[in-house]
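Good morning, and thank you for making time for this item.

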Amino acid sequence: MSAPTEIPEGDLDLDGAVIVALGCNDKGVWGSCEEALEAALARFRAEGVDILARSSWWSSQAWPDPGDPPFLNGVVIVRTEHDPGALMARLSRMEDVFDRRRSVRNAPRTLDLDLIAYGRLSGDLDGLILPHPRAAQRLFVMGPLAEIAPAWIHPVEGESAAALAATCVVGVDARPVPAKAGV
């Protein structure tokens with residue numbers, strides 16, 4: 001696993017940050033959810049998406065059903081020429097390539113990609129709600145984001161990623177996965 005890459009102050013305009021959350025709780029054909037998520041990150045470039053910063057992987061119980069397999073989640077800040085709708089279409093296509101099944105809401109998934117924010121855009125953009133309407137409440141999103149960009153300000157809530165992570169009410173058991181020795 002790669003170590004998280006925090007963005008040094010001034011190296012990125014956080015007002016323009018494009019943020020994508022990744023999750024997995026069904027390893028599918030991969031050896032582990034970590035392998036699946038790393039493979040997804042490796043595919044981003046082919047989709048016209050450059051990763052500028054990435055969090056470590058965070059583990060948490062499945063939500064809303066903790067009886068499902070636990071999740072591995074992370075967040076990346078990316079650069080892309082795609083507009084929000086085109087980027088979401090690319091992310092959805094990646095989920096399909098990774099054999100995500102949409103049987104029932106919140107079912108275990110091989111890959112879950114959510115567009116959390118696209119700069120300061122806010123509202124319903126042809127069915128795509130930005131920022132992601134529930135991200136600010138989820139520690140498995142705000143924790144990883146605070147790890148790499150603690151000063152990022154939520155376009156609607158007006159709070160930093162670090163402050164939101166401290167007040168999340170969903171996925172409160174989420175914790176960073178320790179890096180493997182020698183990695």
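**Side-chain pairs and cores**

The count of aromatic pairs comes to one, where rings of Phe, Tyr and Trp (its six-membered ring) pair if their centres lie within 6.5 Å, with planes under 30 degrees apart counted as stacked, over 60 as edge-to-face and the rest as tilted. That pair is W30 and F98: the ring centres are 5.6 Å apart and the planes stand at 20 degrees, so the pair is stacked. It links distant parts of the chain, with W30 in the loop between strand 1 and helix 1 (33–44) and F98, 68 residues away, in the loop between helix 2 (84–97) and strand 5. Helices (H or I, at least four residues) and strands (E, at least two) are DSSP runs, numbered from the N terminus.

The model is predicted: local features need pLDDT of at least 70, side-chain atom pairs count only at pLDDT 80 or more, and totals for chains, interfaces and linings use all residues. Residues are numbered from 1 along each chain as its sequence is written, and side-chain values use heavy atoms, leaving out hydrogens and water.

As to accessibility, buried means under 20% relative accessible area, exposed over 50%, and partly exposed in between (1.4 Å probe, protein chains only). W30, at 30%, is partly exposed, whereas F98, at 9%, is buried.

Turning to charged groups, the whole structure holds seven salt bridges, each a side-chain nitrogen of Lys or Arg within 4 Å of a carboxyl oxygen of Asp or Glu. In one of them, E47 and R93 bring their closest N and O atoms to 2.4 Å. E47 lies in the loop between helix 1 and strand 2 (49–54) and R93 in helix 2, so the bridge ties together parts 46 residues apart in sequence. E47 is buried at 3%, while R93 is partly exposed at 39%. Through shared partners, salt bridges join R43, E47, R90 and R93 into one network.

Which residues touch the most other members of the largest nonpolar core? Of its 27 residues, they are I19, I77, V141, M142, L145 and W152; such a core is a set of buried Ala, Val, Leu, Ile, Met, Phe, Trp, Tyr and Cys residues joined through side-chain atoms within 4.5 Å. Helix 3 supplies the largest share of this core, seven residues. Apart from it lies another core, of 26 residues, including V20, C24, A40 and L130.
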